[in-house]
Structures are given as C-alpha cells and as structure tokens.
Amino acid sequence: MRLILGLDPGLAATGWGVIVAEGNRLRHIAHGTVKTSATAPLAERLVALHDGLMTVIGDHGATEAAVEEVFVNANPQSTLKLGQARGVVLLCSARAGLPVAEYATRLVKKALTGVGSASKDQVQAMVERLLPGVKVVGADAADALAVAIAHAHLGASLRKGLL
C-alpha cells in the first residue's frame, strides 16, 4: 500500500491531494488547497505555505510525494514566484522524509486522459472518474490529485529509470 501526496505548487494557492494506491486500485483520502494572502509580503506568504503544507503532511501521513513541475510563464516575475512556492513544496516534502517524484504537466495530463494537451476540465473529469464518489473542490486540488494518480501509475517506470 502506498499513501501518495500529490502537490500542485502555486504561491496564491497550492493544491494537495492524498490517495492510497494498492496495485492498480486507487482510493481517495483527502484533498484541498493551501491559500496565501495576496496582500501579505512574499516572505510571509512562503511561511504560510510552509506551515499549511506541514499541517497537511502531518495530518495525512503520506509515505511519498509527487510534485508537478514548473512551467515557464510569459511573465518572468510570475515564474519566479511560482518557483519560490515550488521550492517550499519540495522543502516540506523532503523535510518530512518523503521521497519526491516530479512530473511535467503534459505527462500528468497524458497519464490521466491519454492527451498531453488536455484541458483542466478534462483532467478534473478523469480524476473524478478514477476516484469514484469524489467531488473535487477547486482546480488546484484536482491538479494535485491528478499528479498523485499519475505517480501511482507511472511510479514504477520512474523508479526503473524509464521516465
């Protein structure tokens, strides 16, 4: 049994989702979003993100983490802030002793929908189909659950060095 924490980094909102993977069977545990105040100074936002994520990790006892990789925005400032939030996400996971896998957005989309250019709505629909009975609240949490599901399916290939 693997308890996987999926993370979709963002400074304003970092999505998270926890699933159990037993072979090919998946089960939803919890999901949500850690939000920061847009009016707070950057350092305070990073601390709030850290504290929120450490609470999530402590509450759910994941055994491994999967993180969506950063994509480059047209706005360099936005990319930099996203990178800083991603650094906090990686730090929290590593600090908790979780092995961390990283996946490109296109690979996550392809693993779930079969198409690397799938829309957010398509990804969320597949998340809800693969985790029956779950109504995902928010696009960031849906993306985080998608990363966790992709990791559950692709993790063996990653460990073998095939990805």
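Predicted model: local features only at pLDDT ≥ 70, side-chain atom pairs only at ≥ 80, totals over all residues.
Me: Is strand β1 largely enclosed or largely open?
Reply: Buried means under 20% relative accessible area. Arg2, Ile4, Gly6 and Asp8 point one way from β1, while Leu3, Leu5 and Leu7 point the other way, and all are buried. Since seven of the seven residues of β1 (residues 2–8) are buried, the strand is largely enclosed.

Me: In which sense do β1 and β2 pair?
Reply: Strands of a sheet pair through backbone hydrogen bonds, either parallel or antiparallel. A hairpin of four residues joins β1 to β2, and leucine 7 stands opposite tryptophan 16 in β2. The two strands have seven bridges between them, and the sense is antiparallel.

Me: Which residue in β4 stands opposite glycine 6?
Reply: β1 also pairs with strand β4 (residues 64–68). These two strands run parallel and are joined by four bridges. Opposite glycine 6 stands alanine 66.

Me: Which residue in β3 is the bridge partner of alanine 21?
Reply: β2 and β3 run antiparallel, with 10 bridges joining them. In β3, the partner of alanine 21 is leucine 26.

Me: Which element gives the most residues to the largest nonpolar core?
Reply: The largest nonpolar core has 25 residues, and Ile19, Val127 and Leu131 have the most contacts inside it. Two or more residues come from each of β2 (13–22), β5 (100–103), α3 (105–113), α4 (120–130) and α5 (139–159). The element that gives the most, with 10 residues, is α5.

Me: Which residues does leucine 131 touch, not counting those up to four places away in sequence?
Reply: Leucine 131 is among the residues with the most contacts inside the largest core. With residues up to four places away in sequence set aside, leucine 131 touches Ile19, Leu26, Arg27, His28, Leu145 and Ile149.

Me: How many residues does the second core have?
Reply: The second core is separate. Its members include Leu5, Leu11, Val34 and Leu49. The number of residues is 22.

Me: Does arginine 86 count as buried or exposed?
Reply: Arginine 86 lies in helix α2 (residues 76–95). Neighbours within four places in sequence aside, this arginine is in contact with Pro9, Val67, Glu68, Glu69, Val70 and Glu102. The cut-off for buried is under 20% relative accessible area. Because its relative accessibility is 13%, arginine 86 counts as buried.

Me: At what angle do α1 and α2 pack?
Reply: α1 passes α2 in a right-handed crossing. The contact involves residues including Leu46, Leu49 and Leu53 of α1 and Ala85, Val88 and Val89 of α2. With the axes 9 Å apart, the angle is about 35°.

Me: Which element has the lowest mean pLDDT?
Reply: The chain averages a pLDDT of 92, and 94% of the residues score at least 70. Among the elements, helix α1 (residues 42–60) has the highest mean, 98. The lowest mean, 87, belongs to α5.

How values were computed: Residues numbered from 1 in each chain as written. Heavy atoms only, no water. Core = buried A, V, L, I, M, F, W, Y, C linked by side-chain atoms within 4.5 Å. Buried < 20%, exposed > 50% of the residue type's maximum accessible area, 1.4 Å probe, protein only. Contact = heavy atoms within 4.5 Å. Pairing = 2+ DSSP bridges. pLDDT = per-residue confidence, 0-100. Axes fitted to C-alpha atoms, helices over the stretch in contact; angles between N-to-C directions. Left-handed = near helix turned anticlockwise from the far one by under 90°.
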